[in-house]
Amino acid sequence: MLASIHVADLGPRHALTLVAKGPSRITAPGLRGANVALAARLGGPTTTKPDFARVALIAMWDDDAALDRFVADSPIARALADGWHVRLEPLRAHGSWPGLPDDLSKSRRVEGAGPVGVLTLARARVPRLVPFLRTSAKAETRVVGAPGLIWATALVRPPFFSTCSLWESADASTTYAYTQGDAHNDAIAAGRAKPFHHQEAFVRFRPYASVGHLDGRNPLPESWLVKA
């Protein structure tokens, strides 16, 4: 099993059309699950503000062959082809999400060298949406300046919310998640006390292929990757 993240600047009309149609339009052999959303810059003062021109697709696949067929044959993949996509091997997960294996490690520690990717995935409870956005905004502001962060974005298509971040190492991502300041820990504690979400998952990955560009560059150049 693998995951892929595809991000592209399509302009507001095409981006909103694709997001409005939603993941039900995304079908392919070997696809385990998909979510499509508007990207949003992390670090705003109060709430996450979507970029109405930038689309992101998160997908779970049986194998590389299934993703290869999607990239080659799908009209949606062709629409996103001028952007960037990264392939990721799951290493650990907390929570559950469609397409993720049930037997992934839950350990905080992940062995291995090289960059890691982290996805937070959530389907929010509507009555808890405003408290969730206020609480998460404080943690998002903290992540932007975290040591070892390579690139990050939020993804928004209510009630679906996600963050995607790339880190120089597993140690860097773990340090942010568990020891860097009160905002992130406060967000976790508030969610445990009165859950924000119907379903959520926190997943760490090993990125092993990174193709294309955003804002004129590849967020994770191939030269940074450690091959298995």
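Predicted model: local features only at pLDDT ≥ 70, side-chain atom pairs only at ≥ 80, totals over all residues.
Close-up 1. Within helix 1 (residues 12-21), A15, L18 and V19 are buried, that is, under 20% relative accessible area, with exposed meaning over 50% (1.4 Å probe, protein chains only). Viewed down the helix axis, the buried residues fall within an arc of 95°, so they line one face of helix 1, the arc being that of the directions from the axis to the C-beta atoms. R13 and A20, on the other side of helix 1, are exposed, and G22, just after the helix, has a positive phi of about 75°.

**Close-up 2. The aromatic pair W84 and W151.** The model holds four aromatic pairs, counted where ring centres of Phe, Tyr and Trp (its six-membered ring) lie within 6.5 Å, with planes under 30 degrees apart taken as stacked, over 60 as edge-to-face and the rest as tilted. One of them, W84 with W151, is edge-to-face, at 5.1 Å centre to centre and 70° between the planes, and joins strand 4 (residues 84-95) to strand 6 (residues 149-157) across 67 residues. W84 is buried at 1% relative accessible area, and W151 is buried at 11%.

**Note on the model.** Residues are numbered from 1 along each chain as its sequence is written. Local features need pLDDT of at least 70, side-chain atom pairs count only at pLDDT 80 or more, totals for chains, interfaces and linings use all residues, and side-chain values use heavy atoms, leaving out hydrogens and water.

How values were computed. Helix = DSSP H or I, 4+ residues; strand = E, 2+ residues; numbered from the N terminus.
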